[in-house]
Structures are given as C-alpha cells and as structure tokens.
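Hello,

Here is the structure we talked about, with the sequence alongside. Please look through it first; my notes follow below.

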Amino acid sequence: MIEIILHDICDTFPYLKYGLAAAVCTALALTVLNHSRIMDKEKRSNYVSLLGKSMFLAFYGAVLLQVTLLSREPGSRTAADLIPFSTWGTTAQSRAHEIENMIMFLPVGVFLPMLHRGLREFRTAVLVLTGLSAALN
C-alpha cells in the first residue's frame, strides 16, 4: 500500500508549477500593495511573516485545487459521499485513497490555526476543515 501512496504522490508533481505560479503572483501582489511596509524597518518583519504565510497558502491552495477538482476526469464523480470512511473498501487502492486524503489535508490543519487565531480552538478548526473537505468532495 505504501508503494501505491508514493506513486500517487509522485503523480501530483506536475501540479507544483501551478502552486509556484500562484506563490509568485501572491508575492508580487503583496509587494506592490505593501511597499510602505517594506521601507519601514519596524514593520518589515511582520511583512516578511505575512509574505511567507501568504505564499505558502497560495502554493498549497493552487496545488490542492488542481489535485482535488481540476484534474478529475469528467463524469468521474456523480455524487458527494459525506459519510466518513465509507469508501475504505477492501482493496489496497481504495484504502490508499483514504490515507492520501488524510495526508492531503494535514497542512491545512496545521497552517490555518497559524494564520487565524480564531481557528486555534479545536472545535472551530474541525468545523472549518470538515466544511472544506465537504466542499472539495
């Protein structure tokens, strides 16, 4: 099963270029919009932190969008399945897909609380992540 997961992860590498493009565009936009912050030495460290987080979010979001929605074959999904682990199945491939979905959302669970203090509460974070997962389903 590990071989299947690693193979599927390697299949997403071509989508990294979209993430890189989104990160560069985000960096350019933030640099133009926050030019005065860059020149002020006291505000520069906050800007660098904002820039790094924003670039990662743009990179990750673009790759996630490409993997979950834009690379699907037409007609491959006919309905949303909102029952947790209902697609676990008996084959290694079906189990690998479930594990890959969990791995895919790990950065969201770590990164969103870093971005927004309101998401540091466990219940709120679970609700947001569940909503995001349902939206991408």
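**Notes on the model**

Residues 24 or more positions apart account for 66% of the contacts in the protein with a separation of 6 or more. Please keep in mind that this is a predicted model.

On the secondary structure, the protein has six helices and zero strands. Along the sequence this reads as α-α-α-α-α-α. The radius of gyration is 18 Å, well over the 14 Å that the globule rule gives for 137 residues, so the protein is more spread out than a compact globule. Along the principal axes, the C-alpha atoms fill a box of roughly 60 × 35 × 30 Å.

Next, the surface. Of the 137 residues, 21% count as buried; for this, buried means under 20% relative accessible area. The protein exposes about 9,700 Å², and carbon and sulfur atoms supply 68% of that area.

As for charge, the protein carries 12 positive and 10 negative charges.

How far does the predictor trust its own model? The mean pLDDT of the protein is 83, and 94% of the residues reach 70 or more. Confidence is highest in helix H2 (residues 16-33), at a mean of 93, and lowest in helix H3 (residues 35-39), at a mean of 75. As a general rule, where pLDDT is low, the predicted coordinates should not be read in detail.

Regards

Terms used:
Residues numbered from 1 in each chain as written. Predicted model: local features only at pLDDT ≥ 70, side-chain atom pairs only at ≥ 80, totals over all residues. Heavy atoms only, no water. Helix = DSSP H or I, 4+ residues; strand = E, 2+ residues; numbered from the N terminus. Rg over C-alpha atoms; globule rule 2.2 N^0.38 Å. Buried < 20%, exposed > 50% of the residue type's maximum accessible area, 1.4 Å probe, protein only. Contact = heavy atoms within 4.5 Å. Areas by Shrake-Rupley, 256 points an atom, 1.4 Å probe, with all protein chains shown as cover. Lys, Arg positive; Asp, Glu negative; His and termini not counted. Charge placed at Lys NZ, Arg CZ, Asp CG, Glu CD. pLDDT = per-residue confidence, 0-100.
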